[in-house]
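Keep the sequence and the model side by side as you read.

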Amino acid sequence: AMVAEVEADLEGLHAKDEELSEQLEHIEYKSMSYVNMVAYGCDPTGVVPCSDLINKCIAENNETTLYFPNGTYNIDKPIELNNYCSFKLDGFAILKATNNIDYIININRTSERNKQFIEGGIIDGNGKSSIGIKTTYCANFEIKNMTVRNNLDYNFYLKAGYEIYLKDIHIDNLLSYEINPNLTGIYAEATDSVFDNIIVKNNTIGLVNLSTSNEFYKVHVWCNKTDRVENTVAFHSKTSSNLHSFYSDTCKQGVIVDDYYSVKLYNSSFNAGTSEIDIKSEFLVAGIGSTVSCYSCKFRSYNTECIISQNMNRVKIIDCEFGAPFLTESTYYNSRPYYDIYYRIKFPPSVTVKANSNTRINIPIEGCNYLDYYNAVLLNTWQTNIIYKTNLKDGSLDVIFYNLGTSDLTLTNMYMNVTIEHNRPSVLPFETIDVSNG
C-alpha cells in the first residue's frame, strides 16, 4: 500500500513537471501575467509596423500586461484596448504614429472589474495622430509616469468614463503652431477623475474641464515657443472646477471660466513673460455670472504688462501675494481684496400695496455699486404671501413689493437683511514710492 501511494505521488509530480515544462516553452514571450512584446514579434527598431500584432496580443491575452522593452514601435493603425489588458512601457519605449490615424490608443471596455493601467514610456503622435490617448469608456483606470507628445488635436481626450487617474504625466509638443494650432493637452469630459503632478508644455490649451467632480493637483502649464505663446490658454473651465497648486506660466491667458460657473484656486501661481518673451497676459477671465476665487495665490510679472482681470467684479483675490519681480507700471485692474458689509433694513411700520399693483421703496446705501455682489433676504413675511424683488443700483437698493391679488395688502413690521460684497477703495495692493531722482 505504501509503495502504491509513493507511485501515485511520483505520477503527480511527473504530471506537474510536464505542465511546468510546457509553460517554460512559452517563457520567452510570456512570463506570469506579462507578455514581452519583442519576444511576441514586435519590431523595436521602428521599421516594421506593430499595430496588428499588438491588437492580436490584446485579443489573445485578456487580463494580461503587455510589456514593451526600450525601443521604437511603429504604430500604423489605432490600438484598441477593449478588454482588461494593461500596458507597461520601459522609460525609453516609444509608441510612435507613422500613418495619419485618429488616435494611438483607444481605451474602451464595458464594465469595471479591476484596476487597469498604462504606465511608462512615450506616446508620440509624430504630427500624424489626431489624439494620443483616448477613452471611449473606462473606469478605475490609471495612466501614470509617461510622456505624451506631438499630436494634432488632443494629447489626452478623455471623452467618457469615470475614476480615471492621471499621475506623473509630461505632455509635450515639439511641432510648430502652423502644424497643430488647436492642440489641447488634456480634454477632460470623463467624471470623478483625478489629475496629479501634470506638466503641459507648448500646447495651445493646457487643460479643458467639463466635469464638476474632477480634481486637479500640482498642474504646471507653460510655453516658451514664440510662435504659439500669443494664443495659449492654461486652463479652460467649462464647468465649476477646483485647482490646487496650479501654475500658469507665460501663457496669454491663465484661467478662463465659462458663463455662470465657479472656479476656486488654492496655493496657485500666475507668471507673465520671461526675459526672452514679452507678452501682455490676462491671468483670470471670468464669464457672465461666473466667479473666480483665488486663495493664497501668487501673481508675478517679468518685464511685461499683465492684467489680473478686466472683469474684476467676478474675481476674488483673498490672501494673495504680488511677488517680485513685479512691475508697478503694469496694468492691474481692481487687484484688491473684497470684504462684506452687513445691513439690517427696517421698513416703515406699515406698507400698503394696492390690489394688482406694486410699491417701490428706495434704500440709500453709500458707496455701493451695481457690479457688487449682494444678497437681500426679507424677514417676517409669515404674515402674508408677499412677492418681492430687489435691484442694486449705484448708491441705493430698490425693494419692490408686488400684490397680484384683488384686495389691498398692508405689510407690517418688516425687516430685511442685506449683505454687500464691497470693493476696498484702493486701486492697487501696494503704494509706489519713487526714489529714482535720489
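**Surface and overall build**

The accessible surface of the chain comes to about 21200 Å², and 48% of that belongs to carbon and sulfur atoms. Accessible areas come from the Shrake-Rupley method with a 1.4 Å probe, and for residues only the protein chains shown count as cover. This is a predicted model, in which local features need pLDDT of at least 70, side-chain atom pairs count only at pLDDT 80 or more, and totals for chains, interfaces and linings use all residues. Residues are numbered from 1 along each chain as its sequence is written, and side-chain values use heavy atoms, with hydrogens and water left out.

The chain has 438 residues, and 46% of them count as buried. Buried means under 20% relative accessible area, exposed means over 50%, and partly exposed lies in between (1.4 Å probe, protein chains only). The secondary structure comes to 3 helices and 38 strands. Both are DSSP runs numbered from the N terminus: helices are H or I with at least four residues, strands are E with at least two. Now consider contacts, meaning heavy atoms within 4.5 Å. Among those in the chain with a separation of 6 or more, 63% are between residues 24 or more positions apart.

**The nonpolar cores**

Go inside next. A nonpolar core is a set of buried Ala, Val, Leu, Ile, Met, Phe, Trp, Tyr and Cys residues joined through side-chain atoms within 4.5 Å. The largest one has 72 residues, of which Ile 54, Phe 87, Leu 284 and Phe 299 touch the most other members. A second, separate core has 20 residues, including Ile 345, Ile 363, Cys 368 and Leu 378.

Which residues does Phe 87 contact, leaving aside its neighbours within four places in sequence? Among them are Ile 54, Ile 58, Leu 66, Phe 68, Ile 79, Leu 81, Ile 105, Phe 117 and Ile 118. Thr 65 and Glu 119 are also in contact with Phe 87.

**Rings and charges**

The structure holds 15 aromatic pairs. Rings of Phe, Tyr and Trp (its six-membered ring) pair if their centres lie within 6.5 Å; planes under 30 degrees apart count as stacked, over 60 as edge-to-face and the rest as tilted. Phe 270 and Phe 299 form a stacked pair, 5.4 Å centre to centre with 10° between the planes. Phe 270 lies in strand S24 (residues 269-272) and Phe 299 in strand S27 (residues 298-301), so the pair ties together parts that are 29 residues apart in sequence. Both Phe 270 and Phe 299 are buried. They also belong to a cluster linked by ring pairs, along with Phe 195, Phe 216, Phe 235, Phe 246 and Phe 283.

Two lysines meet rings another way. A charge sits over a ring if NZ of Lys or CZ of Arg is within 6 Å of the ring centre and within 35 degrees of the ring normal. The charged end of Lys 115 sits over the ring of Tyr 165, 4.8 Å from its centre. Lys 144 lies over the face of Phe 117, at 5.9 Å from the ring centre.

**Cysteines**

How many disulfides does a search of the whole structure find? It finds 0. A disulfide here is a pair of cysteine sulfur atoms within 2.5 Å. The sulfur of Cys 320 has its closest cysteine sulfur in Cys 297, at 4.6 Å, which is too far for a bond. Cys 320 counts as buried because its relative accessibility is 18%. Cys 368 is buried too, at 6%.

**Loops and backbone**

Finish with the backbone. Glu 63 is not a glycine, yet has a positive phi of about 60°. Glu 63 lies in the loop between helix H3 (51-60) and strand S4 (65-68), and is partly exposed at 41% relative accessibility. Asn 197, also not a glycine, has a positive phi of about 60°. Asn 197 lies in strand S17 (residues 194-201) and is partly exposed at 34%.

Ile 288 is in the loop between strand S25 (281-286) and strand S26 (291-295). Is Ile 288 buried or exposed? Ile 288 is exposed, with a relative accessible area of 56%. Its C-alpha is 4.7 Å from that of Asp 259, 29 residues apart along the chain. Beyond its neighbours within four places in sequence, Ile 288 is in contact with Asp 259 and Tyr 260.
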